[in-house]
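User: Hi, I'm new to this one. Can you walk me through it?
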Amino acid sequence: MDPLANLPFAKGDVALLAPIAIPALFGLVALLLDLALDPRGSKTPLALVNALGCALAGFAAVVLWKGDTGTVGLGGAMVASGLSTGLALAILLGTTLMGFATAHHGTGAGPVRTTLAHGELYGLMLFGTSGMLALVVANDLVTFFVAIETLSISVYALTGADRRLARSAEGAMKYFVLGAFSSGFLLYGMSLLYGAGHTLRLDQLALSTLDPSLRPMATTGTVLLLVGLLFKVGAVPFHAWVPDAYEGAPGVVTGYMSVGVKVAAFGGALLVLEAVGRSGALSTAGIWGLWAVAAITIIAGNAGALTQRNPRRLLAYSGIAHTGYLLVGVVAMLRCFDEYHPAADSGDLLLASKDAVAGVGYYLLGYAAANAGAFAVLCHLERGGEEVERVSDLAGLARTSPGAAVAMTVSLVSLAGIPGTAGFLGKLWVFRAGVGTGDVGLVVLALLASAVSLYYYLYVVVVMFMHEPLPGSAAAVAAEPRRWASRLAMGAAATATVVLGVWPNITRLLGVDLLELMSDGAEALL
Amino acid sequence: MEAIEIWWIPLVIFAPLAGALLNGLFGKRIGKGFVRLVGVGTPTLAFVLSLAAFFGLFYADYGTSPRAQVVAFRAEGKPEVIRAIKAELERRAAGSLGPEAAWQFRIEDDGEVLRIRNASPEDTILRDLHTRYAGSVEFGPAHEVASPRAYAWNLGEWFAVAGLKVDFSFTVDRLAIVLMLIVTGVGSLIHLYATGYMGHESPGTFARFFTYLNLFLGAMLVLVMGSNLLLLFIGWEGVGLCSYLLIGFGYEDEDNAACGTKAFVVNRIGDLGFVLGMFTLLVAMRGLGAEPSLDFAALNNTLGATPGSLPLLGPACLLLFLGATGKSAQIPLHLWLPDAMAGPTPVSALIHAATMVTAGVYMIARLGAVFTAATVWGVPVLGIVAMIGVLTAFFAGMAALGQDDIKRVLAYSTISQLGYMFVGVGSAAMGAAVFHLVTHAFFKALLFLAAGSVIHACHSQSMREMGGLWRKMPATFWTMLLGAAALAGVPLLSGFFSKDFILFNALVRFNSTNSSPLWGFIYALGVITGLVTAVYSTRMICLTFFGEYRGHGRPHESPSSMVGPLVVLAILTVLGGLLGLPKLWTHKEELLPGEWLGPMWPFIEERLAGNMPADLHSLESMGLAIGSVAAVAGVLVGVVFWGRRHPSEIAWESRQTGALARARAVLANAWYYDLVVNKWGFQPATKFLAGLLWRNVDDAAIDRGLVDGTGRVAVQLSLFVRSFQNGQVARYAGYFVLGVLLLTTSVAIFSVPSVLHTVQRLLGS
Amino acid sequence: MLASAFAGFGGFFILGLICVVIGVVALLASKLLGPKRPTRVKQLPYECGVEPIQPGARERYSVHFYLVAILFILFDLETVFLIPWAASFRGGVTGEVKVAMLVEVLAFVAILGAGLLYVWKRRGLEWD
């Protein structure tokens with residue numbers, strides 16, 4: 001008897017793991033390569049290893065993960081569709097760009113005040129990326145949890161990567177404690193869900209009919225599971241760690257987690273919510289609960305950002321606000337499972353929900369490019385471990401380093417959602433879906449909040465372009481020609497932001513049709 | 001029309017755009033040599049590609065030699081017949097050693113046409129086949145039987161909203177290729193000229209100039225090659241932007257910047273009309289029950305082919321025409337073009353004479369079928385277009401008589417000549433208008449560049465400070481003389497043929513059945529304007545080149561990079577007439593306007609058929625005679641009055657008081673139109689409105705109420721949100737638990753059906 | 001009616017209530033009921049029944065202590081994984097599966113080795 005016949009999955013399925021395994025492998029390479037490098041020199045070889053790993057993983061994802069039906073593989077542990085590829089590309093884009101942005105960290109004039117070890121940094125970033133990629137294809141609550149922990153532990157460690165910096169350690173500790181806390185809720189929710197649905201597989205859960213008497217249990221489980229995910233994406237009231245961790249972590253890590261963790265967690269959330277939504281475990285009440293979370297998150301995120309003067313804290317609150325906008329899309333996606341919806345079971349509603357999935361995917365892609373761009377600029381201005389701590393340090397950047405100022409402006413303008421940038425298309429798409437499913441109130445709130453957000457984004461632009469440089473500030477000593485890697489990161493991010501905003505179809509020339517990926521993914525999911 | 005996909009079509013646009021990018025990014029750093037190479041090289045590349053496209057189009061319809069012609073079979077509505085013919089011919093050609101072995105077949109136009117390359121209409125096999133299918137099948141040279149070939153390339157979908165799908169797609173058909181050759185050809189010459197003209201500038205300024213100039217070419221090519229009205233509009237806005245940037249090129253001088261702003265603002269009024277017109281067209285299409293589209297083919301084939309008149313079509317076309325009056329400087333929006341002369345002279349030549357300002361004419365020609373079908377209260381829109389055109393031509397031509405600044409003479413002359421082009425399109429003679437557009441591009445570019453050469457030498461734009469230059473700058477003199485003669489309409493030069501062809505068409509309209517007597521007025525005023533044109537052209541030459549030199553310094557001939565383009569353009573100015581020799585002489589269709597462009601507007605021909613006057617020949621000979629007499633008379637008047645005399649000896653130039661001086665002041669100020677409209681109408685109105693809005697709306701309601709108020713609320717809210725963030729992890733965990741409790745309880749409460757219904761009523765829609 | 005609507009969730013409310021009650025009761029009970037007779041030995045920090053190495057719980061240890069401890073646990077646990085593998089490997093698998101298992105464990109050991117190499121080169125194994 002062939003013992004392989006008893007394997008729970010087809011042998012060929014192992015290839016489906018390639019996009020997840022490649023970053024981990026390259027993480028190991030980066031770790032060991034760093035040993036051979038000059039400890040105080042530039043770390044561009046590591047950035048190149050990082051980029052190569054991400055590129056290979058992205059290529060593997062494009063080749064292996066696609067389609068509009070969803071490929072279930074590895075005995076049901078994973079399911080891949082166009083959406084997985086789209087989100088994987090967003091995650092890998094973030095990791096690549098932040099990898100470049102950090103290549104020169106700690107170099108530059110003046111005393112070195114950083115204890116960041118680049119090998120560990122790149123290694124952990126790639127290990128975390130591996131977990132993120134696993135999360136966007138998870139089809140099994142166990143895979144799901146393992147993925148989420150892989151990425152979380154990497155990010156906890158990364159947050160405290162600058163070991164001797166009290167702020168960094170403090171941020172890491174807070175993030176870790178609260179993260180462990182949220183993992184508890186996540187697990188509790190999963191166990192309740194398993195109890196109600198008798199399966200760990202999401203595709204089976206989606207198709208199962210729940211015992212009516214067990215539905216409250218399933219709903220509670222779903223809500224607790226969601227709490228764990230809402231924590232990861234920084235939704236109010238589970239957002240408290242975000243500003244402290246964003247501020248405490250080294251700029252590059254903040255950039256990495258603001259992109260990767262959010263994209264991956266939203267990707268995972270879409271997969272879980274489809275299952276719990278279809279099976280009725282979430283119930284209409286749960287959708288309205290999410291509605292409320294979205295509304296509070298939008299308000300609190302934007303309100304909090306208004307008076308921030310530390311760029312990383314500003315971007316932290318901005319990230320919370322964006323979580324809110326994205327939740328609008330998530331709510332719109334769930335509407336097609338809403339039994340009490342006035343247009344329930346209509347084709348139009350289903351179309352709008354599919355639109356919402358594709359919109360969320362595209363939004364995340366644009367968000368990844370813009371946020372990575374903003375953090376790349378902040379990394380570019382770091383000197384010897386000294387980060388940009390005040391917006392006023394950017395004063396006059398347009399004069400001393402026009403490229404950086406333009407890249408920052410493009411990123412902020414995209415985050416604000418101004419036409420001509422990826423942020424605009426993403427918002428347009430998501431909000432249109434929201435209107436389509438009848439959540440007009442939420443969309444109006446989000447639009448008003450976006451208008452408010454212009455203030456704090458453009459404030460930074462005004463400071464960069466219209467104020468005089470302060471003596472000794474980051475902008476005043478900006479010119480340092482050797483930082484080509486971070487220049488590359490800024491330029492690439494800004495280009496991506498504009499391209500995705502003006503002419504997304506152009507990616508077809510590279511063999512990847514992003515719009516098709518998104519709509520395929522939506523088709524596969526709903 | 002049958003469009004073949006050719007991938008390199010967008011390269012024509014990308015070449016100058018890439019040039020702009022290179023010069024903009026690196027030009028300043030690398031230096032002038034690089035800028036020169038890129039700035040002239042990329043338009044030349046675009047020109048070469050355009051030439052290739054032209055020959056492709058030409059050979060596709062006419063064949064490469066008498067032995068390798070292109071023939072076609074056409075069977076309306078019977079593709080099966082065409083298929084049968086093709087099968088038969090392929091069978092015959094298969095094993096053959098005769099000329100039929102080289103045949104290449106292609107079925108097009110929804111299967112109704114079979115095009116055969118390398119064949120001859122005399123071929124017996126083909127003729128036999130034609131006889132066999134006689135009655136149901138047409139046969140002959142492809143340019144007579146098949147619809148003209150076009151090239152296209154679609155870069156991808158731009159957006160699709162509410163059933164409207166717009167692509168980034170470009171089409172090169174017979175009309176577009178004419179404009180492309182002009183834009184890239186004349187454009188390359190002017191770029192070359194500009195390397196000399198701007199040679200003294202600093203590397204940064206030099207690079208900036210060529211960046212803008214190349215960007216302009218790219219935008220102009222988008223305008224010309226776009227397959228839909230929206231792409232045309234993008235190009236339209238792009239050239240407007242470049243025009244603004246280049247008029248205000250010397251922005252250190254506030255006057256220049258103000259002139260740029262004026263051009264920009266006036267054009268915005270027109271653009272508003274354009275956009276509204278575009279929307280109205282879409283509504284009109286929906287009204288027909290057709291799928292909304294902005295593709296020219298769709299617009300012309302649905303709106304233009306609808307018999308009778310759609311109610312919305314007239315207003316839509318009038319709005320589009322308002323856009324055209326802005327871009328092409330026609331009454332009532334003509335006032336910006338003379339001020340646009342603040343830009344460097346190559347800019348005036350390229351943008352404000354040869355290319356951009358003709359965009360309005362091109363747009364109407366593109367939408368020829370739509371415009372022909374449009375009426376407002378029974379008045380054909382094209383009649384309005386022609387009337388506006390001829391009025392503009394006359395008033396601007398008169399104004400040119402009163403100018404001292406040589407560039408302003410040419411500016412008013414351009415407005416006047418554009419007026420002629422609108423008379424052309426207004427007479428439904430789109431080909432005639434495009435023909436004049438082409439010859440005008442040659443001779444007006446030549447005149448501007450020659451004037452630039454003179455200005456370069458004299459360091460002044462005033463003709464009062466010139467004179468006697470013909471010995472000092474012989475090349476400039478002779479070329480400019482040819483240009484001015486062409487402008488004046490001296491017989492046998494290009495301007496003569498194109499202008500008279502337009503006026504001949506107006507005359508034909510006048511003599512058509514059901515014609516309005518107003519066409520007689522249009523024709524008469526057109527002829528009078530021709531006379532005026534000849535007078536001011538002669539005046540300009542006399543004041544500039546004859547008599548004694550009245551300026552400062554020692555003028556000398558310009559460098560060869562400037563003279564070279566002048567010579568080329570002068571040759572084109574002389575020979576340009578060959579493109580449209582009158583039918584009277586050749587007994588064939590006019591080359592460019594008839595033979596080449598005629599098939600572009602089949603609907604117009606159908607609409608006009610039956611209205612044509614019987615004896616076109618005698619009309620044409622009469623038109624030519626009248627035109628020649630007017631031009632020669634004008635030149636004679638000019639020579640008699642101005643000749644070699646000093647301006648102070650000429651009453652028109654020197655009188656300070658009296659009726660003559662007052663008349664001259666009226667013309668010098670262009671009928672005081674600018675003063676009346678701008679100073680007494682526009683500015684007080686905006687001041688009043690601005691005051692009203694600023695004090696009551698902006699300051700009180702928005703600033704103090706909305707902005708400050710919301711600002712205060714927002715800041716309080718922000719501080720409230722921040723107050724939760726006290727840094728203690730235990731507190732954060734507390735929020736977390738509280739959040740979980742709130743979320744779970746609220747979900748539980750929402751599960752109560754009555755609560756759920758309330759929530760749904762309050763928050764859903 | 002309200003009660004019936006909540007019926008499904010009722011269990012969770014009771015569960016939550018019990019959690020809170022148990023927590024509070026346990027703390028209160030030991031506070032109120034427990035006898036308090038402190039001696040010197042009882043006040044000592046608990047260190048697995050031996051005398052505290054250092055006097056007082058608030059002394060600082062060198063961070064290397066933790067580092068070495070963590071490294072030990074990491075490698076120790078990973079080595080434990082090899083035991084069930086070895087048992088299965090000997091337990092009658094053949095052919096393709098055997099090769100696959102060997103390749104897998106070699107990859108596993110290689111990753112471990114890389115980790116060890118990294119720690120070594122970063123001087124994590126040295127005390128100073």
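**Helices, a sheet and a chain contact**

Analyst: α13(A) passes α18(A) in a left-handed crossing (the near helix is turned anticlockwise from the far one by less than a right angle). This is a predicted model, where local features need pLDDT of at least 70, side-chain atom pairs count only at pLDDT 80 or more, and totals for chains, interfaces and linings use all residues. Residues are numbered from 1 along each chain as its sequence is written, with chains lettered from A and ligands numbered from 1 in the order in which they are written.

User: At what angle do the axes of α13 and α18 of chain A cross?

Analyst: Roughly 155°, with the axes coming within 8 Å. That makes α13(A) roughly antiparallel to α18(A) (over 145 degrees counts as that).

User: OK, new topic. What's the strand order in the open sheet of chain B?

Analyst: The order is β3-β4-β2-β5, with antiparallel pairing (strands pair if DSSP finds at least two bridges between them). β3 and β5 of chain B each have a single partner strand, so one side of each lacks a neighbour in the sheet. The twist averages 20° from one strand to the next.

User: And which residue is the bridge partner of B:Phe73?

Analyst: B:Phe139, in β5(B). Strands β2(B) and β5(B) are joined by 4 bridges.

User: How many residues of chain B are in contact with chain A?

Analyst: 32 residues of chain B, and they meet 35 of chain A (contact puts the C-beta atoms, placed from the backbone, within 7 Å).

User: Which element gives the most on the chain B side?

Analyst: α31(B), with 13 residues.

How values were computed. Axes fitted to C-alpha atoms, helices over the stretch in contact; angles between N-to-C directions. Helix = DSSP H or I, 4+ residues; strand = E, 2+ residues; numbered from the N terminus. Parallel < 35°, antiparallel > 145°, perpendicular 65-115°, else oblique. Contact = placed C-beta atoms within 7 Å.
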